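Please open the structure in your viewer and keep the selection tool at hand.

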Amino acid sequence: MSDNEVFEPAQEIVDEAWVSDWQALEEQAKADPAGYWQDRAHELEWSQPWDAVLDDSKAPFFQWFTGARTNIVTNAIDRHLSTARRNKLALIWVGEDTSKVRTFSYFALNREVERMANILKAMGVVKGDIVTIYLPRIPEIFFAMLACAKIGAVHSVVFAGYSSEALNARIDGAESKLVITADGSWVNGKVFPLKQIVDEAVKFSPTVENVVVVRNTGSEVTMDPTRDHWYDALCKLPIAKGHCDTVQVDAEDPLFILYTSGSTGNPKAIVHTHGGYQVGTYTTLKYCFDIKESDRWWCTADPGWITGHSYLVYGPLLNGATVFMHEGGPTFPYPDGWWELIEHYGITSFYTAPTAIRTLMRFGDAWVRKHDLSSLRILGTVGEPINPEAWRWFHRVVGNDRCPITDTWWQTETGMFQITTVPSMPLKPGSAGRPVFGQEAAIVDEEGNEVPDGTEGYLVLKNPWPAMMRTLFHDPDRYLNTYWSKYPGLYLTGDSARRDEDGYFWIIGRTDDVIKVSGHRLGTAEIESALISHPAVAEAAAIGLPHEVKGNAVHVAVVLNRGFEPSKQLEADLRSHVAETLSPIAKPDTFDFTEKLPKTRSGKIMRRVLRARALGQDEGDLSTLDND
Ligand code: PRX
């Protein structure tokens, strides 16, 4: 990896960008971060101004724009309705079957959100209630999220690929009374049975009173007349009709919780709020992707992840942009489906994951060259480090050597980009870029001392930022311990990285027991407990191994119970068991059936030994290994 390969921006890009003189803004924001964020916040609407931009009196439980009243929907929809944007397309949706197209102007989006909000209210959802949303990439997921926000309810979106057990745990954690789902979703031409999974999940959820079901695939489902309601039928009822006010909430009121994997134990429910989150996502998308009125923005992420929340739903709408959403993946039915959509819909800004780029790159340039991609203006990546080779291919073949690539490093916890670039900055393939304006990052050693440039260490963030998580739902102690206890005053990201002499950051990977597979975040503990719930498995340990396309692949070491023998069939069974009990994303790629797991005397699994074994490398110092 060369730190010296630099792509300078074209002069017209610099001239036209929101941020032309990035050095000046970086300096200005560094000198006065609160002032910088205050200026950005003034670009949005607040029904009552703030007393303080940042209240750090309870740090690290930081609060932003305290005393202010607002609602993210006021800024994402309502304020556009009194301008020419009222008739601008807010959302263009294309199904996996690309002949299915639905479009919504801001006016129409508002009507849909009001309708969903009226229905939620009629079902007894009130401010502060948490609604669980288990929907695929269809317009109704926009309506559902925005409708919750509009009435002050909190949404908890669960990726519509998670198993019934994972969904059940998330519904129970949120104590949801209402779940919004669909009859099914389309995945590579087949129906994935969402409603059936919800039925299983809510069987043992005492809080769930109602399930709203969107008709999507037309597949047959079982409806419990006392609990389940077709969404299209509800829409026809008088309760759905009429205007619905956007409730003004405290800037610090919760907007959503989103579960994500951690090092140990149960997934963590990250809490984000209305005020700071809207300022952070609005600003970062505007500056880093240089959003302009005429843009058509396509973020391929699923709304079930933070990228979908911040940069598919909220960030673009806050900027009054036209959002493009596609139900399908990158290779179905052909590996040029995405390029065809870019050409057909005139996409200007395309934001995706390195795994998707590596996957498409393997099909060769011809699939891309078949299409006129001249509408593209800017490209972006997220979720995992992008290798320079994939970066160069994306730049040369997809971007035709013209489009800047904005790599964006951030996390579910950070809510918004933290390390990235703006289009006027020089780009370095493989580097995520520089801390966003108002942020400072550092690389520290075990003791928290900053290390010299070029040295690998722990990546930490120095300043609070408006879209930061506020806490972990129902678990403030875990918030403190996970992120703020190792180095007091510094936010621990869990990543390792290095900084070069130009101040660019190069992300290496996770330092904890989290594995990023195709950009998806998995906890080794979750995979292990899924495996152990299979009758054949006595003990299991999961690690990530380098994978050419997926970034990391899941490798597991498994100790079998008596009476079970290793076999290809058992591997296949264990794979589907993990898919069913956790998620298809978590399926192990490779297995090592072993008599005993390498553990320390205190019982901790020595993952480094498993890694060395799997890669055929020297196992290193085994003095702490428990050999009994
Ligand atoms: O390891 C980093 C990696 O993804 C982690 C956060 O995962 P998640 O909460 O699922 O959010 C993903 C989307 C924001 C980080 O700790 N990561 C994310 N973006 C990048 C990245 N690694 C390298 N480069 C990136 N651009």
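Begin by selecting Pro-333, which lies in the loop between β17 (322–326) and α12 (337–345). Helices (H or I, at least four residues) and strands (E, at least two) are DSSP runs, numbered from the N terminus. The peptide bond joining Phe-332 and Pro-333 is cis, with omega about -5°.

Before moving on, note that this is a predicted model, in which local features need pLDDT of at least 70 and side-chain atom pairs count only at pLDDT 80 or more, while totals for chains, interfaces and linings use all residues. Residues are numbered from 1 along each chain as its sequence is written, and side-chain values use heavy atoms, with hydrogens and water left out.

**A further cis bond**

Select Pro-60 in the loop between β1 (52–55) and β2 (63–66). The peptide bond from Ala-59 to Pro-60 is cis, and its omega is near 5°.

**Positive phi angles**

Next, select Asp-290, in the loop between α10 (274–288) and β16 (296–299). Its phi is near 50°, a positive value in a residue other than glycine. Is Asp-290 buried or exposed? Asp-290 is buried, with a relative accessible area of 3%; buried means under 20% relative accessible area, exposed over 50%, and partly exposed in between (1.4 Å probe, protein chains only).

Then go to Ser-518, in the loop between β27 (514–517) and β28 (520–523). Ser-518 is not a glycine, yet its phi is positive, at about 50°.

**Two packed helices**

Two packed helices are described by the angle between their axes and the distance between the axes. Select helix α5 (residues 106–122) and helix α6 (residues 139–150), which pack at an angle of about 60° with their axes 8 Å apart. Here, axes are lines fitted to C-alpha atoms, for helices over the stretch in contact, and angles run from 0 to 180 degrees between N-to-C directions.

To view the contact, display the side chains. Residues of α5 including Leu-109, Val-113, Met-116 and Leu-120 meet residues of α6 including Phe-143, Ala-144 and Leu-146; contact means heavy atoms within 4.5 Å. By class, this contact has ten nonpolar, one polar and four charged residues. In this classification, Ala, Val, Leu, Ile, Met, Phe, Trp, Tyr, Cys and Pro count as nonpolar, Asp, Glu, Lys and Arg as charged, and the others, Gly among them, as polar.

**A covered helix**

Select helix α13 (residues 354–361). How many of its eight residues are buried? Seven are, and the helix is mostly covered. The buried residues are Pro-354, Thr-355, Ala-356, Ile-357, Arg-358, Leu-360 and Met-361. They pack against α12, β18 (349–352), β19 (378–382), α15 (388–398) and β30 (551–560).

**Aromatic rings**

Rings of Phe, Tyr and Trp (its six-membered ring) pair if their centres lie within 6.5 Å; planes under 30 degrees apart count as stacked, over 60 as edge-to-face and the rest as tilted. By this rule the count comes to 39 aromatic pairs. Select Trp-298 and Phe-324, an edge-to-face pair with 4.9 Å between centres and 70° between the planes. The pair links distant parts of the chain, as Trp-298 in strand β16 and Phe-324 in strand β17 are 26 residues apart. Trp-298 is buried, with a relative accessible area of 1%, and Phe-324 also counts as buried at 1%.

Leaving aside its neighbours within four places in sequence, Leu-341 is in contact with Val-94, Thr-98, Trp-298, Phe-324, His-326, Gly-346 and Ile-347. Leu-341 counts as buried at 4% relative accessibility.

Now select Phe-61, Phe-62, Trp-465, Tyr-479, Tyr-483, Trp-484 and Tyr-491, which form one aromatic cluster.

**Charges over rings**

Finally, select Arg-215 and Trp-230. The charged end of Arg-215 sits over the ring of Trp-230, 3.9 Å from its centre; a charge sits over a ring if NZ of Lys or CZ of Arg is within 6 Å of the ring centre and within 35 degrees of the ring normal. The charged end of Lys-286 likewise sits over the ring of Trp-18, 4.1 Å from its centre.
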